[in-house]
Amino acid sequence: MPTALDGRTAGELQFYGIKYYMGRPCKHGHSGLRYSCNRSCVQCHEERAPGTRHRKLTRQIKRMTDQIQAMQHHIHRMESAHGRAD
Ligand SMILES: [Zn+2]
């Protein structure tokens, strides 16, 4: 597992050559992890297209989701502490 979050903007990371970011939860109540290229929900995509290489990443994606959310909380706290949000 690369340390993909190092030096990235909040919530965006690259994994296996695919870029992801953390957006709003989708209408199906998924976590909000989305492809940067087309902004579609990663979990919805997997459910529609079982057997693709993405499906194999399901467990890893869920772990990534937790990581991103934790990082976003951390960044938000740091920004609040410095009183700026650029
Ligand atoms: Zn979804």
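From the N terminus on, the elements of this predicted protein chain follow the order β-β-β-α-α, which amounts to 2 helices and 3 strands; helices (H or I, at least four residues) and strands (E, at least two) are DSSP runs, numbered from the N terminus. Residues are numbered from 1 along each chain as its sequence is written. Since the model is predicted, local features need pLDDT of at least 70 and side-chain atom pairs count only at pLDDT 80 or more, while totals for chains, interfaces and linings use all residues.

Confidence is expressed as pLDDT, the predictor's confidence in each residue, from 0 to 100. The protein chain averages a pLDDT of 74, and 69% of the residues score at least 70. Over residues 1-10 the pLDDT is below 50, and this stretch has 10 contacts in the model beyond near neighbours in sequence, two residues being in contact if their C-beta atoms, placed from the backbone, lie within 7 Å. Among contacts between residues at least 6 apart in sequence, 29% join residues at least 24 apart.

Buried residues make up 12% of the 86 residues in the protein chain; a residue is buried if 20 or more other C-beta atoms lie within 10 Å of its own, exposed if 12 or fewer, and partly exposed in between, with C-beta atoms placed from the backbone. The largest nonpolar core has 8 residues, namely Leu 13, Tyr 20, Met 22, Leu 33, Cys 41, Val 42, Met 64 and Ile 68. Strand S2 (18-22) and helix H2 (58-82) are the elements that give two or more residues to this core, a nonpolar core being a set of buried Ala, Val, Leu, Ile, Met, Phe, Trp, Tyr and Cys residues joined through C-beta atoms within 7 Å.

| Residue | Exposure | Other C-beta atoms within 10 Å |
|---|---|---|
| Arg 39 | exposed | 9 C-beta atoms |

Arg 39 lies in the loop between strand S3 (33-35) and helix H1 (42-48), and Arg 39 has a positive phi of about 65° although it is not a glycine. Gln 72 belongs to helix H2, and Gln 72 and Met 22, 50 residues apart in sequence, are 9.1 Å apart in space, C-alpha to C-alpha.
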